[in-house]
Amino acid sequence: VQLQASGGGLVQAGGSLRLSCAASETIFNFNVMGWYRQAPGKQRELVARIISGGDTNYDDSVKGRFTISRGNAKNTVYLQMNSLKSEDTAIYYCHARQSVNDYWGQGTLVTVSS
């Protein structure tokens with residue numbers, strides 16, 4: 001399984017970005033897909049995830065601003081990030097779980113300037 005994350009970049013506070021995670025197989029093969037992030041000097045943390053049945057979970061810090069969704073292509077998961085804040089600056093990693101196996105993308109850097 002390969003996960004390819006893209007869409008990061010530099011944006012001003014209040015702006016938006018959309019991250020994409022393209023999987024090497026249909027995302028419906030996975031129990032969970034999601035996005036984690038790791039800021040400098042901090043541990044990796046869950047940002048948002050989507051369960052196979054369609055339920056979603058968000059970290060409290062991004063609720064109401066970020067939206068995780070599946071793409072029509074059935075092998076892509078998106079993270080729409082609005083009203084970005086400087087504290088959202090981090091490397092964002094795509095994650096997928098299939099049975100007991102965890103898979104990670106390479107990470108994409110999001111930098112929010114204040």
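1. Start with Arg18. In this predicted model, the charged end of Arg18 sits over the ring of Tyr78. The distance to the ring centre is 4.0 Å. Arg44 makes a contact of this kind with Trp104: its charged end lies over that ring, 4.7 Å from the centre.

2. Trp104 also belongs to an aromatic pair. A search of the whole structure returns one such pair. The partners are Tyr36 and Trp104, with ring centres 5.0 Å apart. Their planes stand at 70 degrees; an angle over 60 counts as edge-to-face, so that is the label for Tyr36 and Trp104. The pair links distant parts of the chain. Tyr36 is in strand E4 (residues 32-38), Trp104 in strand E10 (residues 101-104), and 68 residues separate them.

3. Now the salt bridges. The whole structure holds five. Asp88 takes part in a salt bridge with Arg37, where the closest N and O atoms are 3.0 Å apart. Asp88 sits in the loop between E8 and E9, while Arg37 is in strand E4, so this bridge ties together parts 51 residues apart in sequence.

4. Asp88 also meets Arg65 in a salt bridge, at 2.8 Å from N to O. Arg65 lies in the loop between strand E6 (56-58) and E7, so here the parts tied together are 23 residues apart in sequence.

5. Asp88 has a relative accessible area of 0% and is buried. Arg37 is buried at 5%. Arg65 is buried too, at 10%. Elsewhere, Asp60 pairs with Lys63 in a salt bridge, again with closest N and O atoms 3.0 Å apart. Asp60 counts as exposed, because its relative accessibility is 63%.

6. On to the sheet. Four strands form an open sheet in the order E1-E3-E8-E7, and the pairing is antiparallel. The edges are strand E1 (3-6) and strand E7 (66-70), each pairing on one side only. On average, neighbouring strands of this sheet are turned by 15 degrees against each other, direction ignored.

7. E1 and strand E3 (residues 17-23) run antiparallel and are joined by four bridges. Within this part of the sheet, Gln4 stands opposite Ala22 in E3. Arg18, whose charged end lies over the Tyr78 ring, falls within the residue range of E3.

8. Last, the core. The largest nonpolar core has 28 residues. Which of its members touch the most others? They are Met33, Trp35, Val47, Phe66, Leu79, Met81 and Tyr92.

Technical notes: Residues numbered from 1 in each chain as written. Predicted model: local features only at pLDDT ≥ 70, side-chain atom pairs only at ≥ 80, totals over all residues. Heavy atoms only, no water. Pairing = 2+ DSSP bridges. Helix = DSSP H or I, 4+ residues; strand = E, 2+ residues; numbered from the N terminus. Axes fitted to C-alpha atoms, helices over the stretch in contact; angles between N-to-C directions. Phe/Tyr/Trp six-rings, centres within 6.5 Å; stacked < 30°, edge-to-face > 60°. Lys NZ or Arg CZ within 6 Å of the ring centre and 35° of its normal. Core = buried A, V, L, I, M, F, W, Y, C linked by side-chain atoms within 4.5 Å. Buried < 20%, exposed > 50% of the residue type's maximum accessible area, 1.4 Å probe, protein only. Salt bridge = Lys/Arg side-chain N within 4 Å of Asp/Glu carboxyl O.
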